[in-house]
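Hi everyone, and thanks for coming. I'd like to walk you through a structure today, one piece at a time. Here it is on the screen.

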Amino acid sequence: MKSADPVRVLYVDDSPFDRALVRDALEEEGEGFRLVEASHRGELDSVLAGEFPFDLVLSDFNILGMTGLEVVGAVHERHPDIPIIIVTGTGSEEVAVKALKAGAEDYVIKQPQHIRRLPQTIRGVLERRRLESSLEATRVQLGQLRHLEAVGRLAGGIAHDFNNLLTVITANAELLSSVEGPDGPPAEELRDILQAAAQATELTRHLMEFSSGAGIPLERVDPVRLIQETLPLLNRSLGSEAELLTRIPPELPSLLTVPARFQQVIMNLGLNARDALAEGGRAGTIRLEADLWTPPPIASGGREDGNGLPPTDSLLRHLPGEGVRPLVRIRVSDNGCGMPPEVVERIFEPFFTTKAIGRGTGLGLASAFGTVRQAGGTILVESEVGKGSTFTVLLPRASDVEADRV
C-alpha cells in the first residue's frame, strides 16, 4: 500500500450507532480511509469469501451471533497477516488481554476521546506492521551477508591449501612427462593427470575469487563502457526466448575493479536470469538497469527506497560506505520461476546449484559475489516463487575507495 492510497478498513459491529460513530471519525480524515461495514456473521463470511481488499479490520467485542475473538479467528484463518483492532465499550482489562492473546493488534474503548484518535491508532498499527516487516527483511539480508562472509573465509582457506597441492601435482606430472624411452611413464595417463589438474586449478581459481578476489590488481574503470561492451555478447547468449531491456545512463562514477571480471559479473547475472526463465517454461523479460543510488538517511525510520530494498539503519550500516555514500547500483531482474527463501539463502555458496547434474558447476554466482566483494561492494537478492528475481549489485565509487586508503 502506497502512502497516498486510502487505508481500506473493514468494520464489524452490529450497532448502527457505533458504526456511525466510527464512520464519522474516519470521514473527518477526508479521503484517508475507505470503510466497508459488516453488521452480522453472514456479511462477514461473505466478505471473507471474496478477494478481501482490506489493510485492517476493526471489530466490536460483543456482536450478535459471535464475539470479537471469533472475528479475529475467522479473519486470521484466511488472512493471517491482516492486523485487527478491537473497538468495544467493554473497558475490562481481562477483555483486552483476551483480545491481544487471540491475535488482535490493539484495543480501543468506545469513548469519544478514544474514537476521535482512531485514525491515528490505525495508522500507528499499520506503520508498526510495516516496520516489523522491514526489520525481518533486514534480518534475513544481514544473516545472508554474514553467512557468505563465513563461507568465503572457509572457501579461501581450502582453496589456498588445495592450490598448493595442485602445484606439486602439476609440477611432478610435467617433470615425468619429460622422461622419454621405454622406461618412461605412460603418456596417456600423464595427459589425464595434467588435464584433471588444470580443471581443478580452474575450480580453485573460482573459489579464490569468491573468497577474496585477490591476485589481480584493481583498475579504475568506467562501468557504463564495460556494460555497453558486454551487451552484444549477453544478447547473443540469451537467445530469442528472452527479451533484454536496458536502462543505462550515459555516465556513472568510476569503479575500482578488474574489468574482465566485472563484465563476467554482468554475464553471470544475465545468464542466471535466462536460466530462471527457462525453468519457468515461458519466454520472458530480463531487465538490466544501472544508476547512482543514494541511500536514505540513517535513522530514517527504515522506509523503502521505492525499489524493494528495505534500508533500515542496521542494513544501511552494513552496506558499502556504511549507508552514507552514494553507490553505483546495477540491477538484473527477471520474471522467471523465482526462488524460495531456502534457495536465496544459499545462492552464492560455492558449488550450490539448482540445475541438473552436468548443467552447471555452482560457481558462476559465487565468482560474481567474490568479484563484487573485491571491489568493496555487495549483492542483494529479492525473489518470489512464480514472480521472478532481482539481483542488486551495490559498488562504492572509486573516489570513495581511494579516499579511504589515504
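Predicted model: local features only at pLDDT ≥ 70, side-chain atom pairs only at ≥ 80, totals over all residues.

Let's begin with helix α1, where the buried residues are D18, R19, V22, A25 and L26. Looking down the axis of α1, you'd find those buried residues within an arc of 125°, so they line one face of the helix. Here's the background to keep in mind: an α-helix has 3.6 residues a turn, so residues three or four places apart point the same way. What sits on the other side of α1? There, P16, F17 and E27 are exposed.

One thing we can check is the length of α1, which covers residues 16-27.

Now let's step back to the whole chain. How many helices and strands does the protein chain have? The count is 13 helices and 14 strands. Of the 406 residues in the chain, 44% are buried. Take the contacts between residues at least 6 apart in sequence: 74% of them join residues at least 24 apart. As for the surface, the chain exposes about 20800 Å², with carbon and sulfur atoms supplying 53% of that.

Next, have a look at helix α3, residues 68-78, and find V71 in it. Is V71 buried or exposed? With a relative accessible area of 0%, V71 is buried, because the cut-off for that is under 20%. Leaving out residues up to four places away in sequence, V71 touches V12, L44, S59, I63 and M66. Of these, S59 is twelve residues away from V71 in sequence, and their C-alpha atoms are 7.2 Å apart in space.

On to the sheet. Five strands make an open sheet with mixed pairing, in the order β9-β11-β12-β14-β13. Why do β9 and β13 each have a side without a neighbour? Strands β9 (242-247) and β13 (378-384) stand at the edges, each with a single partner strand, so one side of each is left without a neighbour in the sheet. On average, neighbouring strands here are turned by 15° against each other, ignoring direction.

If you zoom in on β11 (residues 284-293) and β12 (residues 327-334), you'll see that they run antiparallel and are joined by eight bridges. As one example, E289 has R331 in β12 as its bridge partner.

Helix α12, residues 364-374, packs on this sheet, where it touches β13 and β14 (388-396). The direction of α12 makes about 140° with that of β13. Nine of the eleven residues of α12 are buried, so the helix is largely enclosed by the rest of the structure. The buried ones include L365, A368, F369 and V372. Just after α12, G376 takes a positive phi of about 90°.

One last stop is helix α9, residues 259-280, which holds N268. At 14% relative accessibility, N268 counts as buried. Which residues does N268 contact, leaving aside its neighbours within four places in sequence? They are G364, L365 and A368.

Definitions and conventions:
Residues numbered from 1 in each chain as written. Heavy atoms only, no water. Pairing = 2+ DSSP bridges. Helix = DSSP H or I, 4+ residues; strand = E, 2+ residues; numbered from the N terminus. Axes fitted to C-alpha atoms, helices over the stretch in contact; angles between N-to-C directions. Contact = heavy atoms within 4.5 Å. Buried < 20%, exposed > 50% of the residue type's maximum accessible area, 1.4 Å probe, protein only. Expected span 1.5 Å × (residues − 1). Arc of directions from axis to C-beta. Areas by Shrake-Rupley, 256 points an atom, 1.4 Å probe, with all protein chains shown as cover.
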